[in-house]
Amino acid sequence: MWNDGLKIGVPLIDSEHKELCSRIDQLLDACNKGQGRAEIVKTVAFLEEYTIKHFSDEERLQRSSGYPKCAEHKEMHEYFKAKVADLKKSLDENGANIANISDTNFFLMNWLINHIQKVDKELATYIK
Ligand SMILES: [Fe+2]
């Protein structure tokens, strides 16, 4: 999923985005090998942890640079966290199935690529 076109030019954030992309790749790979059920539980647990660190790094950068769209940007991060919590709930209640695995794949790829390309790049432009 990662390509240099996704770079925003802030090394810490770029390396965290790269890590997120590689975890999503790992999930897609596992799905292609028929191992999606086992991998999705790991991916969601990883995201729950890692996004706390990643979003707080981004939010700290916004506060320290006086970025005017802090609140708006934070809301999008909260939306992502809530969505990951929903996915985890669905996995806990129903187990991994085709529906929640494909929902997860679709959501993660779309949200992340969109968010990096539009919202995080706008932040990076402001910082520079
Ligand atoms: Fe962000």
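**Where helix 2 meets helix 4**

Guide: In this predicted model, Gly36, Ile40, Leu61, Gln62 and Ser65 of helix 2 are in contact with Ile101, Thr104, Leu123, Tyr126 and Ile127 of helix 4. Sorted by class, the residues of this contact comprise six nonpolar and four polar ones, with no charged residue among them. Two packed helices are described by the angle between their axes and the distance between the axes. For helix 2 and helix 4, the axes come within 13 Å and cross at roughly 15 degrees; because angles under 35 degrees count as roughly parallel, helix 2 is roughly parallel to helix 4. The crossing of these two helices is left-handed.

Helix 4 also holds serine 102, which counts as exposed because it has 12 C-beta neighbours inside 10 Å, and 12 or fewer is the cut-off for that word. Between serine 102 and leucine 28 there are 9.6 Å in space, from C-alpha to C-alpha, although the two are 74 residues apart in sequence.

Helix 2 (36-65) and helix 4 (98-127) are both included in what covers the buried residues of helix 3, and the residues buried in helix 3 are His73, Val84, Leu87 and Leu91. Helix 3 runs over residues 70-94, and because its 25 residues should span 36 Å at 1.5 Å a residue, the 36 Å between its end C-alpha atoms agrees with that expectation. Just after helix 3 comes glycine 95, which takes a positive phi of about 75 degrees.

How values were computed: Residues numbered from 1 in each chain as written. Predicted model: local features only at pLDDT ≥ 70, side-chain atom pairs only at ≥ 80, totals over all residues. Helix = DSSP H or I, 4+ residues; strand = E, 2+ residues; numbered from the N terminus. Expected span 1.5 Å × (residues − 1). Buried ≥ 20, exposed ≤ 12 C-beta atoms within 10 Å, placed from the backbone. Contact = placed C-beta atoms within 7 Å. Axes fitted to C-alpha atoms, helices over the stretch in contact; angles between N-to-C directions. Parallel < 35°, antiparallel > 145°, perpendicular 65-115°, else oblique. Left-handed = near helix turned anticlockwise from the far one by under 90°. Nonpolar A, V, L, I, M, F, W, Y, C, P; charged D, E, K, R; others polar.
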